[in-house]
Amino acid sequence: MPYKFFSNSKNAWQAMYGSIESARESVYLEMYILEDDIDGFDFIKLLKEKAQSGVKVKIILDYFGSFSLSQTLIAGLKEAGAEVFFFSYFFHRTHRKILIADENLAFIGGVNFNRSALFWDDLVMQVEGRLVSSIIQSFARVYTECGGKDRSILFLGRRKIILNKTRAWLVEHFPVSKKPRLKIIYRKYLSGARKSIILVTPYFLPKRWLIKIIREAALRGVKVEVQVPKLTNYFILDRAAYFFMFKLSKLGVNFYLQSKMNHAKVMIIDAKEGMVGSNNLDFLSFELNSEVGIFLKDEGTVGKLVEIVDEWKKDAVLFDFSVYKPKFFDYIFSPIFSVFTRIF
């Protein structure tokens, strides 16, 4: 099977760390957050060692997300032979998480490399086969935008790849280049759902058009479920999530609150199609951040995805709007949340 899932940060790190250790020719990494504080997973030291051994190491980091990474560590990577770039383009961020080893094994999902995520649930997809070519090409495009000079990678960014979309295909989202694909994908598949919609997101701050589609789906009888953490690592985003949950649950949307932080990003339609990626259900992902995901149509792979989400659901509690009492902060922030869904 060319696809494999890892449903928490630690398991994903183990697989990704192992793939870097085993790499003999190249390691391409694009990451929102890279820090040097994970006990047992010193990715920076490993990347430095691979570069020193002659492996081609190319690293793209987001300037904001990886701001805490020390200049000493960055200099050490470069001295070892690695290319390191920081993506910085006004309000646009690269929120993508991609790792490619030896151009034949790739990882895509929601996992960053930072200690605070050690005990989080999350979702990363390991990919082999022809789809890896599309992931390499996507990495190469960002590498080119960041000023990379390696001609072999620049060539990969221009290469035309034709894939069979009956099983899986890559979803690229580049607002900075005026190529925002996510809205198209969510509009099409959420509107086309006939039986069920399952969404998993850590941060629920939906745009007005997304609220409208979710509401219409629930009203036409589609079973809509959204899994979110009961509490995240951002207080203000928790208040935003509860504000929108309170409104949408009255219309029949079921929200399941997970006691554990879940950083995964998942969409499943009618238990037949699904997407795993880096995007949250908020205005940042849809309007500003560069994101990436894999859309799945293979029955067996989607079935495995459903199993993972069902397992998470066992630890969740259904949000009940009839007993929920809006907090003081909800009344303060709710006008701001509403404005955000209109402006962005």
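Mentor: We'll go through salt bridges, surface patches, contacts across loops and backbone angles, one at a time.

Mentor: One thing before we start: this is a predicted model.

Trainee: Good to know. Let's start with charge pairs; how many salt bridges does a search of the whole structure find?

Mentor: To call one, you look for a side-chain nitrogen of Lys or Arg within 4 Å of a carboxyl oxygen of Asp or Glu. Searching the whole structure that way turns up 14 salt bridges.

Trainee: Which residue forms a salt bridge with arginine 141?

Mentor: That's glutamate 172, with the closest N and O atoms 2.3 Å apart. Arginine 141 sits in helix H4 (residues 131-145) and glutamate 172 in strand S8 (residues 168-173), so this pair ties together parts that are 31 residues apart in sequence.

Trainee: And are the two partners buried or exposed?

Mentor: Go by relative accessible area: under 20% is buried, over 50% is exposed, and in between is partly exposed. Arginine 141 comes out partly exposed at 31%, whereas glutamate 172, at 16%, counts as buried.

Trainee: Which helix holds lysine 304 and glutamate 307?

Mentor: Helix H10 (residues 299-313), where the two are three residues apart, about one turn of the helix. Lysine 304 is partly exposed, at 40% relative accessibility.

Trainee: Salt bridges can join up into networks, I guess. Which residues are linked that way?

Mentor: One network links Lys56, Lys58, Glu83 and Asp150.

Trainee: Now the surface. Which residues gather in a patch of negative charge?

Mentor: For a patch, you pick residues with over 30% relative accessible area and no salt bridge, then join like charges within 9 Å. Here, that gives a negative patch made of Glu21, Asp36, Asp42 and Glu49. Take glutamate 21 as a member to inspect: it belongs to helix H1 (residues 9-22), and at 44% relative accessibility it is partly exposed.

Trainee: Which residues make the nonpolar surface patch?

Mentor: Tyr89, Phe90 and Phe91 make one of about 450 Å². Phenylalanine 91 is in the loop between strand S4 (83-87) and strand S5 (98-101). With a relative accessible area of 69%, phenylalanine 91 is exposed.

Trainee: Let's turn to loops. Is asparagine 112 buried or exposed?

Mentor: Buried, with a relative accessible area of 6%. You'll find asparagine 112 in the loop between strand S6 (105-109) and strand S7 (121-128). A polar atom of its side chain lies 3.1 Å from the backbone nitrogen of isoleucine 33.

Trainee: What about valine 111, buried or exposed?

Mentor: Valine 111 is buried as well, at 1% relative accessible area, and it's found in the loop between S6 and S7. To see how the chain folds back, compare distance in sequence with distance in space: valine 111 and valine 124 are 13 residues apart along the chain, but their C-alpha atoms are 6.6 Å apart.

Trainee: Where is arginine 181 found?

Mentor: In the loop between S8 and helix H6 (182-191). Arginine 181 and valine 171 are 10 residues apart in sequence and 7.2 Å apart C-alpha to C-alpha. Arginine 181 is partly exposed, at 35%.

Key: Residues numbered from 1 in each chain as written. Predicted model: local features only at pLDDT ≥ 70, side-chain atom pairs only at ≥ 80, totals over all residues. Heavy atoms only, no water. Patch = residues over 30% accessible without salt bridge, like charges linked within 9 Å, V, L, I, M, F, W, Y side chains within 5 Å. Areas by Shrake-Rupley, 256 points an atom, 1.4 Å probe, with all protein chains shown as cover. Lys, Arg positive; Asp, Glu negative; His and termini not counted. Charge placed at Lys NZ, Arg CZ, Asp CG, Glu CD. Helix = DSSP H or I, 4+ residues; strand = E, 2+ residues; numbered from the N terminus. Buried < 20%, exposed > 50% of the residue type's maximum accessible area, 1.4 Å probe, protein only. Polar contact = N/O pair within 3.5 Å; in protein donor to acceptor, adjacent residues only side chain to side chain.
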